[in-house]
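Reader: Could you take me through the features of this model one at a time, giving the general idea before the particular case?

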Amino acid sequence: MSDGTKSRRRQWGSERRSEPLSIVHPKPSKRMVTTGRLAIVATVGFWLIYVITTVFRELVNNPGAGFRFTIEAVSYLLVVTILTFSALMYLLARQGALYRFRSHVRVPRGELDRHFAEYTDGITVLVPSYAEETNVVRATLWSAALQEFPDLRIVLLLDDPPYPTDPEKAETLDATRALAAQIEAALRIPSERFQTSVDELAARFATGDAVTRLDVQKLVDDYVAAAEWLEAMADTEQVGDHVDEFFVDQIVMGLARELRLTIVALGGALDQDSYPDQDRLITLALRLSRIFTAKLDYFERKKFASLSHEANKAMNLNSYIGLMGRAWSTEETVDGVVLREAEDAASADVIIPDTTYLLTLDADSLLLRDYCVRLVYLLEQPENAQVAVTQTPYSAFRGAPTRIERVAGATTDLQHILHQGMTYYNATFWVGANAVIRKRALEDIVEVEVVAGFEVKTFIQDRTVIEDTESSIDLGTHGWTLVNYPERLSYSATPPDFGSLIVQRRRWANGGLLILPKFWDQLRERRFNRERVLLSEILLRSNYMASIAWASFGLLFLLAYPYDSRLLSPFVFLAALPYFIAMGSDLRSAGHRFSDIFRIYGFNLVLLPVNLAGVFKSFQQMITGEKIPFVRTPKVKNRTAAPALYVLTPYVIVLFSLFTLYRDIVLQNWGNALFAAFNAVMAAGAIRAYIGLWNSAVDVWLGFLNFLYVDRKKKKEPQRSLVDPDAPVDWQTILYHGDRRLGRDLRQSKDRRRRIGIRSSSPRSRVNAGSAIQNVDRSE
């Protein structure tokens with residue numbers, strides 16, 4: 001049902017299809033695998049032909065061509081090479097994905113039931129959230145709460161300011177805090193019913209009783225009740241957009257349909273008077289109990305002065321993980337509440353249980369059924385004992401109402417395929433939207449420091465804004481590996497407008513270059529330990545971390561510099577052709593259009609300044625050594641305004657491409673003219689489709705107004721004295737901090753010294769008192 005609220009207006013050219021692709025990837029045909037191999041060979045072959053027949057021939061046959069032409073030839077070859085290399089890495093990762101999809105066999109439901117029949121280990125789902133809409137967080141928590149697992153804890157890590165002064169923000173925060181209790185309360189009645197059924201069956205079978213028709217019928221009744229409970233929930237859900245529709249149809253009703261399938265099977269057993277054995281019946285009953293049983297809570301690190309308040313997702317996660325497995329007492333100080341480890345649980349104010357596994361889940365992501373049991377089952381196979389992280393790289397929600405969200409979602413679906421292929425070459429990277437993590441692995445890479453007297457543990461590095469990528473390298477350094485599960489079991493939101501997309505993609509472009517040296521150090525250590533390191537892993541990992549930088553600069557040079565027409569060759573186009581054909585094929589298999597390759601090209605053109613800005617931020621951090629602030633992707637119903645610079649630059653690309661077209665026509669440089677015309681058309685189409693002419697004008701005007709606007713400087717308030725003669729002595733702060741402010745206050749006047757008893761009867765004693773105060777200052 002609809003909630004009656006105004007949803008985002010659907011654009012022409014947006015996505016009409018709302019149903020997602022199948023969970024299991026279809027097995028690729030032999031023809032697809034063979035053409036994938038040929039694409040790799042053709043890319044390398046055409047690049048070699050170009051180098052030999054064009055670059056080398058021009059340099060050899062024209063020894064007097066001059067220094068400028070030589071530099072142009074070398075630079076053009078370098079640009080073509082790095083772009084071809086990135087295309088080759090796409091084809092290589094894609095080929096690995098085809099191999100994995102071809103060999104993947106889904107674990108039967110019965111094997112999962114058998115594995116978890118007497119399972120006792122737990123998993124904690126951590127959902128970091130900041131300024132999220134309550135309904136978005138609610139859907140995420142429900143998708144986690146309906147996961148089937150023996151011991152499931154879900155903790156919402158709220159990172160909003162805990163005491164907002166804005167009434168609207170306070171109301172939203174209170175509503176979000178209440179979600180955990182509301183969901184747990186909603187699950188309580190079905191959970192108690194199904195747990196009672198499990199206990200009754202176990203008690204009966206413990207006495208040696210055989211399975212009867214009545215036992216099976218009661219189990220059918222339980223499954224019917226569970227399915228009807230989910231269907232009733234779906235009927236009451238408010239559907240305002242395509243994400244809400246996905247939640248209702250795939251999360252709630254998807255689970256109901258699967259339970260209905262079990263009802264059909266049990267009904268068949270009743271009709272045939274052939275019943276499941278005792279163990280099977282108990283595991284089927286256990287499944288219902290586990291689906292509807294979850295412990296939910298929320299945690300706010302910013303309420304505690306002893307925890308890190310760094311404004312990023314990594315430290316939000318680290319703060320809670322560092323508290324797990326211990327009991328804590330709270331203590332009021334002048335700085336706020338601090339946590340101190342309690343001597344025993346009975347005297348503790350906060351007890352945070354430990355679990356074998358963690359599941360990190362972004363607050364705008366949704367998990368499909370079986371996510372937990374299938375991924376934990378993978379981790380518990382003997383051959384995966386050293387796998388630290390497994391995940392299903394998220395897919396995009398279907399039915400996007402805007403063109404830019406549809407195309408950005410298409411690139412997300414392509415990345416899903418590539419990440420699957422990287423696992424084939426042991427080049428997996430942690431993609432932070434969702435992941436099941438072996439907690440013991442995080443304890444191997446933890447870094448501990450003492451800040452202001454409190455221990456701060458860093459499991460997931462926050463040195464860069466792409467914390468998941470750096471953590472992947474850290475885990476590899478300690479001998480752990482990562483695996484992507486070859487199914488579609490998770491979905492995450494895509495920015496619906498250009499302004500919010502800028503924030504996301506600029507963050508993604510920042511940090512890879514900073515992590516690359518750490519990867520090279522890891523390689524040296526692995527080789528020193530005589531570990532075999534495949535070239536494919538090195539190339540794929542290097543491309544993943546650095547390709548945004550070199551591809552952006554390479555494209556910039558091709559757009560801006562008027563290269564000599566003698567360096568152009570159809571073999572450059574032929575070397576790139578397999579990449580575009582493969583991408584088009586992948587788009588079509590993911591439910592998109594083959595022609596989206598052109599839309600993605602234009603999409604990347606308008607994002608060129610955004611990617612370059614992210615790369616320059618990496619250079620800034622290299623030079624200054626200061627961390628770049630983590631900027632969260634805005635998630636609002638209305639449009640996010642884009643900075644004027646990123647709006648105007650695509651127009652500059654169009655104008656410069658038209659200028660280049662005119663110049664090359666005059667010079668009869670037809671190859672460059674064709675390339676310039678293509679870029680002008682693609683960039684202009686992308687501006688119209690993804691930014692919008694009217695939105696461009698609005699954002700530029702807002703940028704101009706922001707440039708003119710100057711904040712009024714607030715009058716600096718004098719620092720409050722700790723020993724103000726007109727106010728009571730702040731003895732708590734003095735005793736807790738004992739900081740240099742005390743010494744400064746004491747020197748202000750003799751009257752103030754007298755008030756706290758520093759009064760001397762001789763010059764010598766006055767000197768001693770003054771020296772003591774100076775020593776306090778120096779110690780600070």
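**Salt bridges, cores and buried helices**

Author: The side chains of Glu537 and Arg526 meet in a salt bridge, 2.9 Å from N to O, where a salt bridge is a side-chain nitrogen of Lys or Arg within 4 Å of a carboxyl oxygen of Asp or Glu. The pair links distant parts of the chain, eleven residues apart, with Glu537 in helix α17 (residues 535-560) and Arg526 in helix α16 (residues 512-528). Both Glu537 and Arg526 are buried, which means under 20% relative accessible area, whereas exposed means over 50% and partly exposed lies in between (1.4 Å probe, protein chains only). This is a predicted model, in which local features need pLDDT of at least 70 and side-chain atom pairs count only at pLDDT 80 or more, while totals for chains, interfaces and linings use all residues. Residues are numbered from 1 along each chain as its sequence is written, and side-chain values use heavy atoms, with hydrogens and water left out.

Reader: How are the helix names to be read, and how many salt bridges are there by this rule?

Author: Helices (H or I, at least four residues) and strands (E, at least two) are DSSP runs, numbered from the N terminus. Side chains of opposite charge can pair when their charged atoms come close. The count comes to 38 salt bridges. One of them joins Asp370 and Arg374 at 3.5 Å, N to O; Asp370 is buried, with a relative accessible area of 5%, and Arg374 counts as buried at 4% relative accessibility. Salt bridges that share partners join Arg109, Asp113, Glu148, Glu258, Arg280, Arg287, Arg369, Asp370 and Arg374 into one network.

Reader: Is the setting of Asp249 and Arg257, which form a salt bridge, buried or exposed, or something in between?

Author: Their closest N and O atoms are 3.6 Å apart, and Asp249 is partly exposed, with a relative accessible area of 33%, as is Arg257 at 40%.

Reader: Which residues of the largest nonpolar core touch the most other members?

Author: In soluble globular proteins, nonpolar side chains tend to be buried together. A nonpolar core is a set of buried Ala, Val, Leu, Ile, Met, Phe, Trp, Tyr and Cys residues joined through side-chain atoms within 4.5 Å. Of the 81 residues in the largest such core, Ile123, Phe149, Ile154, Phe247, Leu259, Leu359 and Val436 touch the most other members. Helix α8 (residues 242-271) gives the most to this core, with eleven residues. Apart from it lies another core, of 65 residues, among them Ala87, Phe429, Tyr579 and Val654.

Reader: Why is helix α15 (residues 498-508) described as largely enclosed by the rest of the structure?

Author: The description applies because nine of its eleven residues are buried, including Phe498, Leu501, Arg505 and Arg507. The buried residues of α15 pack against α12 (403-424), α19 (596-606), α20 (608-624), α21 (644-666) and α22 (670-691). In helix α20, Ser618 is buried, with a relative accessible area of 0%.

Technical notes
Contact means heavy atoms within 4.5 Å.
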